[in-house]
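I opened this model to look up a few backbone and packing details. My notes follow in the order I checked things.

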Amino acid sequence: MRNAVVVGNSLQVLGPVLEAIRSFSRAEISVIGNDSTRSIRWSLLCNHWHRHTLLAGDDQSLLDILEKACRHDHPARIIAVDCDAAHALNRLRQRLPAPLIPMPDQAQLSMLEDKWCFYRLCQLQGLPTPLTLCFEHKHQLHYQVLSSTLGTPFVIKPSNLAGSQGVRIIRDEAMLHSEILAREDYQFRPLLAQEFIPGEDIDISLLAIGGRVMTLATQQVSGSVVRFISHPEMEALAMALCAACRYDGVMHIDARINRSSGRIYLIESNPRFWASMTAALWCGLNFVQESLRYADDPEPPTAPLRLAQGRAYTRYPLLRADSLRCLLSKSLRGRLLRSAVIDPWRISRLALDLPSLMLKHGRAALPRIT
């Protein structure tokens, strides 16, 4: 691959995808995204940036940009970063100037992107999920009905947003009123009310072709540490979900482990790349590279490629404990670290995040008053 055209509106996901490409390739990288991605043009990971909203109704101009971007150098590959990109590229799928990496079609996106559709799919397939109810707007939420049906606490969240937007854990009637009903800025719709599973989070990232899982990594996060583990039950649930909809592309699935029973409950899926993907890259598994490999050679392996152990940190590389030792290393981690250190865009992102990081760690260091 000598030219990568990366499409997406999520800056938090664009960065990890570009980093994954640059870790194994010197490809000319063009990025297409809306105004929120404008700052990526200052990154050493990006050669060209083109503005487009990716919204329906302006597909011809997107096609023109794609043709221009693919003309820089051949052969090219088009990479959809998020669901906005997947929807846009699906509308143009038969007219694209270069091949796509594996990516979900519209039917698969509809089943997995929306949290209510995901819940119904899991119910249909007999996959464990928390009891969930759907409401058109917040004024249909009544505490006594929800608490008697779901127990307390319970979770309220929009069905169609990502990144924990609008998610609230409701512990009593006063909290439902103050956090949702009385807030003028809480206007999300439709809304889900979901049973809260006491326990810990567990996630799985994967690449599937035609419903068959090719690559996977199960992870648990504690603060800024991502730990990769072997978990056959989580893998089996993810494989069953992919098989049920013959899924194509990468996906990140969120789940919870019940503290008392040990049972896993699937919470939601993200049929796209994800913000913590750099953690897997740091431990040696590159989901972008794997996706490109199956775009060129769809022959399935005898067994899925697994990342079953490893630890990575989500902090800026120079804030990691082993950064100085890695900086001069010839390993993949050394290359990633040196790339981050000299990239003006990533340094600027650190500068924006540093005040909140200092405040967070400063609060943690203060003595507790008992």
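I started with a bridge: Val 6 has Val 31, in E2, as its bridge partner. That sits in a predicted model, where local features need pLDDT of at least 70, side-chain atom pairs count only at pLDDT 80 or more, and totals for chains, interfaces and linings use all residues. Residues are numbered from 1 along each chain as its sequence is written, and side-chain values use heavy atoms, with hydrogens and water left out.

Next I looked up the strands themselves. Strand E1 (residues 3–7) pairs with strand E2 (residues 28–33) in the parallel sense, over five bridges. I take two strands as paired if DSSP finds at least two bridges between them. Helices (H or I, at least four residues) and strands (E, at least two) are DSSP runs, numbered from the N terminus.

Which order do the four strands of the open sheet take? I read E3-E2-E1-E4, with parallel pairing. Strand E3 (48–51) and strand E4 (76–80) are the edge strands, each pairing on one side only. On average, neighbouring strands here are turned by 20° against each other, direction ignored.

Helix H3 (residues 83–91) lies across E1 and E4 and runs at about 125° to E4. For such angles, axes are lines fitted to C-alpha atoms, for helices over the stretch in contact (heavy atoms within 4.5 Å); angles run from 0 to 180 degrees between N-to-C directions.

Most residues other than glycine have a negative phi, and most peptide bonds are trans. So I went looking for exceptions to that.

I found a cis peptide bond from Thr 152 to Pro 153, with omega near -5°. Pro 153 is in the loop between helix H6 (143–150) and strand E6 (154–158). The bond from Arg 189 to Pro 190 is also cis, omega near -10°. Pro 190 belongs to the loop between helix H7 (173–181) and strand E8 (191–195).

Leu 54, not a glycine, has a positive phi of about 70°. I place Leu 54 in the loop between E3 and helix H2 (59–70). Leu 54 counts as buried because its relative accessibility is 4%; buried means under 20% relative accessible area, exposed over 50%, partly exposed in between (1.4 Å probe, protein chains only).

Arg 246 has a positive phi too, near 50°, in the loop between helix H8 (232–245) and strand E12 (249–258). Is Arg 246 buried or exposed? Exposed, with a relative accessible area of 57%.

**Cysteines**

How many disulfides are there? I count zero, taking a disulfide as a pair of cysteine sulfur atoms within 2.5 Å. For Cys 122, the nearest cysteine sulfur is that of Cys 245, 9.6 Å away. Cys 122 is buried, at 0% relative accessibility.
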